[in-house]
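Subject: Structure handover

Hello,

Here is the structure you asked about, followed by notes on what was found in it.

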Amino acid sequence: MATVGKVIKCKAAVAWEAGKPLVIEEVEVAPPQKMEVRIKILYTSLCHTDVYFWEAKSQDSVFPRILGHEAAGVVESVGEGVTEVAPGDHVLPVFTGECGDCAHCKSAESNMCSLLRINTERAVMIGDQKSRFSINGKPVYHFLGTSTFSEYTVLHVGCLAKINPQAPLDKVCVLSCGISTGLGATLNVAKPFKGSSVAVFGLGAVGLGAAEGARLAGASRVIGVDLNPARFEEAKKFGVTEFVNPKDYNKPVQEVIAEMTDGGVDRSVECTGNINAMISAFECVHDGWGVAVLVGVPHKEAVFKTHPVNFLNERTLKGTFFGNYKPRSDLPSVVEMYMNKELEVDKFITHTVPFAEINKAFELMLKGEGLRCVIRME
């Protein structure tokens with residue numbers, strides 16, 4: 001290709017400052033260096049994490065920055081040492097990675113790569129601590145090692161999952177973050193048995209991914225817990241059978257669920273990051289065999305309190321990161337679940353906008369409308 005080894009000029013949506021609309025700018029994207037890959041992004045979607053760092057209300061964020069981390073694209077060129085992917089391959093960029101060499105990558109039980117695990121503060125490439133994006137010679141910073149709100153982006157090869165070229169990229173782009181996180185939390189960590197009961201706390205895209213996992217596992221009851229009653233009708237499509245709004249009761253929601261289920265659910269998955277929801281999710285599982293899985297990210301000062309007897313009574317509490325999926329090894333099989341019509345992805349996509357209207361996706365998310373808005377780059 002004529003672009004290999006050269007700087008590419010393309011459009012990117014740049015966040016210049018916190019909370020201000022993104023601006024479509026012409027940026028220069030440098031060629032990939034050692035162990036890096038440059039890809040052409042075809043579809044990207046908006047995840048709440050992008051909004052969180054764009055607002056920058058409760059954490060430091062670096063500007064100017066190119067956000068975005070849920071996407072699908074095609075490899076344009078590869079840097080020195082890259083053998084895993086080649087130009088033309090269809091890929092999903094992922095906010096965490098799999099180097100293949102560290103103790104975590106070599107462990108069958110972990111997906112928390114020492115080299116490439118999520119780092120929200122890192123705004124440059126790990127190889128040389130420099131950005132691959134610039135405008136008029138001045139750097140524009142990376143986000144989560146992905147920066148998919150750009151027609152072209154550069155990633156470490158360990159943050160790319162090579163997928164079936166037949167898979168529709170406008171659909172499977174949403175599998176590179178939130179939905180896989182919820183799905184894996186249920187299938188890989190909670191592991192509900194056929195006919196079991198599962199409570200899902202938080203019915204956003206991640207929670208509905210968890211509910212979808214419960215549906216796939218053959219759970220007979222899936223209880224959705226959310227403060228927004230408008231979400232229940234939508235949640236039925238994902239296998240949620242009952243809905244509990246904690247605001248409707250004058251006692252803790254874990255007590256409500258225990259009464260509904262004769263002592264507690266078999267499994268629960270917490271997808272809000274709210275510390276009280278986390279405690280409820282743990283305390284609502286049945287003694288003797290109940291397993292609760294925490295997915296949501298809490299406030300950094302939050303503290304989890306529960307009575308130790310809850311553990312002594314044989315309840316299990318687990319945490320998960322990205323649904324325990326190793327990006328390169330496991331994501332291709334999640335795409336195959338969609339291709340085999342087991343996993344239903346289309347119902348997660350409620351809106352589509354062209355790249356020029358990317359700010360509309362932010363407006364929808366801020367209003368709490370829909371689940372996933374896919375942004376067409378072309």
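Ala-71 is buried, with a relative accessibility of 0%. Please keep in mind throughout that this is a predicted model. Ala-71 sits in strand S4. Not counting residues up to four places away in sequence, Ala-71 touches Ile-41, Tyr-43, Thr-44, Leu-92, Pro-93, Thr-148, Cys-173 and Ser-176. Ala-71 and Ile-375 are 304 residues apart along the chain, yet their C-alpha atoms are separated by 9.0 Å.

Ala-72 is also part of strand S4, which spans residues 70-78. Its relative accessibility is 0%, so Ala-72 counts as buried. With neighbours within four places in sequence left aside, Ala-72 is in contact with Ile-41, Leu-42, Tyr-43, Val-91, Leu-92, Pro-93, Leu-169 and Cys-173. Its C-alpha atom and that of Gly-204, 132 residues away along the chain, are separated by 21 Å.

Domain annotations

The UniProt record, an unreviewed entry, annotates residues 34-163 as "domain: Alcohol dehydrogenase-like N-terminal". In the model that span is 9% helix and 28% strand, with its end C-alpha atoms 22 Å apart. The UniProt record, again as an unreviewed entry, gives residues 205-337 as "domain: Alcohol dehydrogenase-like C-terminal". There the chain is 38% helix and 15% strand, and the end C-alpha atoms lie 18 Å apart.

Val-198 has Arg-267 as its bridge partner in S13. S10 also pairs with S11, in the parallel sense and over 5 bridges. For Ala-199, the bridge partner in S11 is Ile-223. Strand S11 (residues 221-225) is mostly covered, with 4 of its 5 residues buried.

The axes of H4 and helix H10 (residues 327-339) come within 12 Å and cross at roughly 95°. That angle makes H4 roughly perpendicular to H10. The residues that meet are Ser-180, Leu-183 and Leu-187 in H4 and Leu-331, Val-334 and Met-337 in H10.

The sheet of 4 strands

Another open sheet has 4 strands, in the order S1-S2-S6-S7, with antiparallel pairing. Strand S1 (8-14) and strand S7 (138-140) stand at the edges with a single partner strand each, so one side of each is left without a neighbour in the sheet. The twist from one strand to the next averages 50°. S1 and strand S2 (residues 23-29) run antiparallel and are joined by 7 bridges. Ile-8 has Val-29 as its bridge partner in S2.

Cysteines

How many disulfides does the structure hold? The count is 0. Cys-10 is in no disulfide, and the nearest cysteine sulfur, that of Cys-173, is 18 Å away. A sulfur pair has to lie within 2.5 Å to count as a disulfide. Cys-10 is buried, with a relative accessible area of 5%. Cys-373 is likewise in no disulfide, its nearest cysteine sulfur being that of Cys-173 at 10 Å. Cys-373 has 6% relative accessibility and therefore counts as buried. Cys-173 is also among the residues touched by Ala-71, and it is in contact with Ala-72.

Regards

Key. Residues numbered from 1 in each chain as written. Predicted model: local features only at pLDDT ≥ 70, side-chain atom pairs only at ≥ 80, totals over all residues. Heavy atoms only, no water. Pairing = 2+ DSSP bridges. Helix = DSSP H or I, 4+ residues; strand = E, 2+ residues; numbered from the N terminus. Buried < 20%, exposed > 50% of the residue type's maximum accessible area, 1.4 Å probe, protein only. UniProt positions renumbered as here; feature names shortened; annotations may be inferred. Axes fitted to C-alpha atoms, helices over the stretch in contact; angles between N-to-C directions. Parallel < 35°, antiparallel > 145°, perpendicular 65-115°, else oblique. Contact = heavy atoms within 4.5 Å.
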